[in-house]
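Here is a short briefing on one protein chain. Keep the sequence and the model open while you read.

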Amino acid sequence: MSNDYPEETAKLNRVAEEARSEGIETHAIFIEGVPALSILDLVQKMNADLIVVGTHGHGAVSRLFLGSVSKAIVNKSECPVLLIPSRDS
């Protein structure tokens, strides 16, 4: 795992800490690779109970169809997936 993205890593850790402060067991992990495959591989290794994925929602048409990463995760995951639209949607 690389730390070439310090701002993104810090933001991820802040969000995870907010969840922890609410009593939600959370693991914030910044990984690099092919997004859907990397996420699904890690989820399987961790035996995760839930995957939370942000979506972009760039307009009315995109609301009808998931992005390729979200769609792959939803279609291939063996555990539940929670999709969170961006605040810009």
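Ser38 touches Ile31, Glu32 and Gly33, leaving out residues up to four places away in sequence. The model is predicted. Ser38 sits in helix α2, which covers residues 35–46. Is Ser38 buried or exposed? Ser38 counts as buried because its relative accessibility is 18%, and the cut-off for buried is under 20%.

**Chain overview**

- The chain holds four helices and two strands.
- Along the sequence, these elements follow the pattern α-α-β-α-α-β.
- The chain has 89 residues, and buried residues make up 17% of them.
- Take the contacts in the chain with a separation of 6 or more: residues 24 or more positions apart account for 55% of them.

**Helix α2 against helix α4**

- Two packed helices are described by the angle between their axes and the distance between the axes.
- Helix α4 spans residues 68–76, and α2 packs with α4 at an angle of about 35°.
- The axes of α2 and α4 are 9 Å apart.
- The crossing of α2 past α4 is right-handed.
- Which residues meet where α2 and α4 come together? From α2 come Pro35, Ala36, Ile39 and Leu40. From α4 come Val69, Ala72, Ile73 and Lys76.
- By class, this contact of α2 with α4 has seven nonpolar residues, one charged residue and no polar ones.

**The nonpolar core**

- The largest nonpolar core has eight residues.
- Its members are Ala36, Leu40, Val43, Ile51, Val53, Ala72, Ile73 and Cys79.
- Which elements give two or more residues to this core? They are α2, β1 and α4.
- The largest share of the core, three residues, comes from α2.
- Ala36, Leu40, Ala72 and Ile73 are core residues, and they also take part in the meeting of α2 with α4.

- Strand β1 runs over residues 51–55.
- On its covered face are Ile51, Val53 and Thr55. On its uncovered face are Val52 and Gly54.
- β1 is joined to strand β2, residues 81–85, by five bridges.
- The two strands run parallel.
- Gly54 stands opposite Ile84 in β2.
- What does Val53 contact, leaving aside its neighbours within four places in sequence? Val53 is in contact with Ser70, Ile73, Val81, Leu82, Leu83 and Ile84.
- Val53 belongs to the largest nonpolar core and to the covered face of β1.

- Asn47 lies in the loop between α2 and β1.
- Most residues other than glycine have a negative phi.
- Asn47 has a positive phi, near 55°.
- Is Asn47 buried or exposed? Asn47 is exposed because its relative accessible area is 64%, and exposed means over 50%.

**Asp41 in helix α2**

- Asp41 lies in helix α2.
- Asp41 has a relative accessible area of 36%, so it counts as partly exposed. That class falls between the cut-offs of 20% and 50%.
- Asp41 and Ser77 are 36 residues apart along the chain. Their C-alpha atoms are separated by 9.7 Å.

Notes
Residues are numbered from 1 along each chain as its sequence is written. This is a predicted model: local features need pLDDT of at least 70, side-chain atom pairs count only at pLDDT 80 or more; totals for chains, interfaces and linings use all residues. Side-chain values use heavy atoms; hydrogens and water are left out. Buried means under 20% relative accessible area, exposed over 50%, partly exposed in between (1.4 Å probe, protein chains only). Contact means heavy atoms within 4.5 Å. Axes are lines fitted to C-alpha atoms, for helices over the stretch in contact, and angles run from 0 to 180 degrees between N-to-C directions. A crossing is left-handed if the near helix is turned anticlockwise from the far one by less than a right angle, and right-handed if clockwise. Ala, Val, Leu, Ile, Met, Phe, Trp, Tyr, Cys and Pro count as nonpolar, Asp, Glu, Lys and Arg as charged, and the others, Gly among them, as polar. Two strands pair if DSSP finds at least two bridges between them. A nonpolar core is a set of buried Ala, Val, Leu, Ile, Met, Phe, Trp, Tyr and Cys residues joined through side-chain atoms within 4.5 Å.
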